[in-house]
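Welcome! Please open your viewer, get ready to select residues by number, and follow along stop by stop.

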Amino acid sequence: MTGATIFLRAFLRRDRWHYLWWAVGATLLYYSQAVSVKGLYTTQAQFDKAARSMEGNTAFIAMAGPARALNTIGGQVVWQATAFGAIVAGLMSMFLVGRHTRAEEESGRDELLRASAVSRHASLTATLVDALLANLVLGVLVAASLVAFPLDATDSIAVGAGLTLCGWFFTGTALVAAQLTSSTRSMYGVAGSVIAVAYGLRAIGDVGNPVLSWLSPIGWYQGMHAFSGLRWWPALLLLSFATAATGTAYVLFGRRDFGSGLWAARPGPARAEPALSSAFGFAWRLQRGSVLGWTGGVALMGLAYGSIGNDVGTLIGDSKTSRDVFVQGAGGLVDGFYAVAIATVALIAAGFTVSSALRPKGEEDDGRVEALLATGLSRRRWLLAQVATTVVGTVVVLAGGGLGLGLGYAMVTGDGGRIAPFLLGSLGYVAPALVLAGLARLLYGVVPRWAVLAWVGVGLGVVMVFFGPVLHLPGWVQGLSPYHHLALVPAEPFRWTPFLVLLAIAAGFSLTGLAAFARRDVH
Amino acid sequence: MGGVNDAIIEIRGLVKTFGTTRALDGLDLTVTPGEVHGFLGPNGAGKSTTIRVLLGMLRKDAGDVRLLGGDPWADAARLHRRLAYVPGDVNLWPNLTGGQVIDLLGRLRGGLDEDRRRELIERFELDPTKKGRSYSKGNRQKVALVAALATDVELLVLDEPTSGLDPIMESVFQEYVERFRADGGSVLLSSHILAEVERLCDRVSIIRAGRCVESGTLAELRHLTRTSVVAELARPVTGLAELPGVHGVDVEGSRVSFEVDTPRLDAAIGLLHGVGIRSLTATPPTLEELFLRHYGDDIATEEEAEVS
Ligand SMILES: Nc1ncnc2c1ncn2[C@@H]1O[C@H](COP(=O)(O)OP(=O)(O)OP(=O)(O)O)[C@@H](O)[C@H]1O
Ligand SMILES: [Mg+2]
């Protein structure tokens, strides 16, 4: 394989940070479950009680997996982390494969390399090895962290090995997707759908017909029953299907032309609909997909929280720390819990707001702004349309989160009375989110390369909500986070003053940024 | 025609710095109505920077810039409706098709000529249903060209618009630029493709290190340079090297070769004529030589040496 090692070395160098972040993320996902479960329950009797309550919660089972040995730490780790861990490994594999296959072909760099003296399969093989290694690192770190916790070594290794194998499976399917499609976007579409279907099949299977779970690689992983009667044969299923998918990718690779996929690219409309040609219509079109995606994701997360219903007490245990973190505000246990749940969902929604506010910077960095601004569209109108999209999108995403929470709660308890308060509580967070958007706008107008610092605001919000009560930080430090000032609905009544003050600050930031943008060089 | 006040583009002493880099250093440029003006210079000379100032993307540090009678910074959006711009590096939106981008840019400029749009798409053999990422560099440029040429504007600002086009598409492009000029439009064309410049441009400006070093018609520029002469003479010639404007005289018996500043050609040939010419070839500078003379560093230093 002339050249494969050269490619591989280059890939490994380029990917080392990716490796690191994904591996750290996945390890934390597993390890933090072990830590948090251990801290949550003071006695085994309480643990047993909580486990029984979880076993009866269909929504949780659909989300996480079959309920087995939930009154043990190992059982909890497998239950809470494996489905999401498999998704993490799948996404990592998908992005690694996408980066080195379709994205390279699109950029034309790959062509340059292929034209030099390397064998035809060199870059494909290097991509494969790169992704296999990345998943191996993931599995080893997860297993090592669990062994170190300490949990039973054999079962811990099984959890890590299953994770690696899931990653290998999704590496294989991503490689196939890369041969079928002709653009990076559609490749991510196909490979991502495989992960989503795998998750969906086992979700339906675990609460309904178990056969469906056996059609999913995540189902096979969980079918290994680590920490609850470990068996290895489902791992063989993962390994053989991963091998088969990879082999298929190699066969397909030989049958396609460079730069194209086996599926012809789907043509789009030859004409623009009238709405596209207004400044706002255009900005909305660019962000539509991301608004819908975030709304869906945040709403699902809300549903998951809401479906806890009134079982709040058993779930969060009775340790002082966890009560301090998960129950805040002046009301009772349930209201206090949902006040924090709404804040959590809102902080995740802030991810949309900040990335949306940074969109103009992305457009400028990618060199797509100049051609637009060289038309009758003025700078102010262009940027205002982007701001309007961020505002509308933020309202939509937060409404999705609030409705999800309310509906989830109503489904489990049969009580629809909380839909409105949850929705209103969630919409209150429009104000702090827009402060962060305004900060991004301000930085974008004044010093564009610092605009990404607006993410620090999200980080600050997370720290203050979850660690503020535990760390007993002084009030002014907590006050730095715009998320700190709102009333904790539904545990406290909504207060207009902080809401309006935050909105005014957001508007001030945003207008200053707009004015600065109108005066600076555009690149 | 061509007076200072009705110039399409009028730049005097333009200065633009990026940190410590002085990208434009007192640049002058005039484009008169109805002309195709070639804008030439080596890489990094400041052509794109000039165009970005003209389009109101960059703020000038000093100098006067007038575009279509207005201030390109203060009246940007209003002026932009009267011009169309094609960058050399066209970046499209990944999820919009070429056809959508053409409509978008055209409508934001105030409207497209539907018939011309259809004709251009056909002539450029562009598939308007493909999405942004799947276009090659040349096809991305065609998208921007169709959007520009299908709008009714007074001025085309083109920054290396054909760097990705194949020769057939290049000639389609030239045809449309000629048609645009015949309809009374003006063009500022930055280009490294000399054949294109020679065919299209009425006048050219050559810039180097942020200054205009030469400006005029191609004939005028040729006039400024040297003609190479090789002659077979009846007798050896004397006094040729002493003539003003004659360089590099090389005598081998009755054969003589030299270069002469084109305005001095008459005197040099006169001297040869006095001796008796058996054969003579006089080669005007090719466009390449013309530009290399202005682009290359060594020639600049040679000129400086001659001046001192
Ligand atoms: N945004 C910027 N920041 C810093 N320097 C810049 C910037 N834009 C241009 N320059 C510098 O200004 C000078 C002129 O660049 P410009 O792009 O105008 O050249 P050009 O004549 O268009 O060259 P080419 O023929 O390669 O397109 C170069 O030295 C370049 O490095
Ligand atoms: Mg340039």
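Is A:Tyr31 buried, partly exposed or exposed? Select A:Tyr31: at 32% relative accessibility, this residue counts as partly exposed. Here, buried means under 20% relative accessible area, exposed means over 50%, and partly exposed lies in between (1.4 Å probe, protein chains only).

A word before we move on. This is a predicted model, in which local features need pLDDT of at least 70 and side-chain atom pairs count only at pLDDT 80 or more, while totals for chains, interfaces and linings use all residues. Residues are numbered from 1 along each chain as its sequence is written, chains are lettered from A and ligands numbered from 1 in the order in which they are written, and side-chain values use heavy atoms, with hydrogens and water left out.

**Stop 1: ring pairs in chain A**

Over all chains, a search of the whole structure finds 24 aromatic pairs. Rings of Phe, Tyr and Trp (its six-membered ring) pair if their centres lie within 6.5 Å; planes under 30 degrees apart count as stacked, over 60 as edge-to-face and the rest as tilted.

A:Tyr31 sits in helix H1 (residues 4-40), and A:Phe149 in the loop between helix H7 (122-148) and helix H8 (153-180), 118 residues apart. Helices (H or I, at least four residues) and strands (E, at least two) are DSSP runs, numbered from the N terminus. A:Phe149 is buried, at 16% relative accessibility.

Next, select A:Trp294 and A:Phe352. Their ring centres are 6.5 Å apart and their planes are at 65°, so the pair is edge-to-face. A:Trp294 belongs to helix H13 (residues 279-306) and A:Phe352 to helix H16 (residues 333-357). A:Trp294 is partly exposed at 29%, whereas A:Phe352 is buried at 0%.

Now try A:Tyr305, A:Phe337, A:Tyr338, A:Tyr409 and A:Phe422: ring pairs link them into a cluster.

**Stop 2: charges over rings**

Show A:Arg202, which lies over the face of A:Tyr199, 5.0 Å from the ring centre. For this, CZ of Arg or NZ of Lys must be within 6 Å of the ring centre and within 35 degrees of the ring normal. A:Arg520 lies over the face of A:Tyr444, at 4.8 Å.

**Stop 3: a sheet in chain B**

Switch to chain B, where an open sheet of 4 strands has the order S11-S12-S10-S13, with antiparallel pairing. Two strands pair if DSSP finds at least two bridges between them. Finally, select B:Val230 and its bridge partner in S13(B), B:Thr281.
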